[in-house]
Amino acid sequence: MTIYMKLGGRPAMTRALDDLFGRLNADPSLAPAATSMDSEIRADLLEFLIFLAGGSPVYDGLPVSKMLSPLCPTNEAFDDFVDHVATSMIGTERPVRIEADLRLMLEHIRPHVVDRNPDRFMSSADGNAVA
């Protein structure tokens, strides 16, 4: 059974997204970027989370890097975002295992969201690539 099904499908995830944005808007470190996310980005975030959780075979919305990088420019901000997603999606009624699976699922997108600095891949003075 997918995380999507364990969470209760689209209706549950839609309700959780409303709670998520309430939490993001109340978080002083994330609120400035969260309040600037328009309804299209919010809709794309819902569709992306549904896709990531196994509820849809495809996602054709805004790239996750463009969607979440302004909200999560650092690892700390990404951790806060994941905490808010987990709290919103899981609540208090679901087993801890589902939360662990959800957090692991979100961890896979961290490299696409955080630290997308193109200078990381610049060559060093000796011509070797720097990771």
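Let's begin at His 84, which sits in helix α6, spanning residues 75–90 (helices are DSSP runs of H or I, at least four residues, numbered from the N terminus). This is a predicted model, in which local features need pLDDT of at least 70 and side-chain atom pairs count only at pLDDT 80 or more, while totals for chains, interfaces and linings use all residues. Residues are numbered from 1 along each chain as its sequence is written, and side-chain values use heavy atoms, with hydrogens and water left out.

With a relative accessible area of 17%, His 84 is buried (under 20%; exposed is over 50% and partly exposed in between, with a 1.4 Å probe and protein chains only). Beyond its neighbours within four places in sequence, His 84 has contacts (heavy atoms within 4.5 Å) that include Leu 20, Arg 23 and Asp 27.

Now move along to Glu 99 in helix α7, residues 96–107. Glu 99 is partly exposed at 26%, and its C-alpha lies 6.3 Å from that of Ala 86, 13 residues away in sequence. Glu 99 also forms a salt bridge with Arg 103, the closest N and O atoms being 2.9 Å apart (a side-chain nitrogen of Lys or Arg within 4 Å of a carboxyl oxygen of Asp or Glu).

A search of the whole structure finds 8 salt bridges. Another one joins Lys 6 and Asp 101, at 3.9 Å from N to O. Lys 6 lies in helix α1 and Asp 101 in helix α7, so this pair ties together parts 95 residues apart in sequence. Asp 101 is buried at 16%, whereas Lys 6 is partly exposed at 32%.

Conventions: Helix = DSSP H or I, 4+ residues; strand = E, 2+ residues; numbered from the N terminus.
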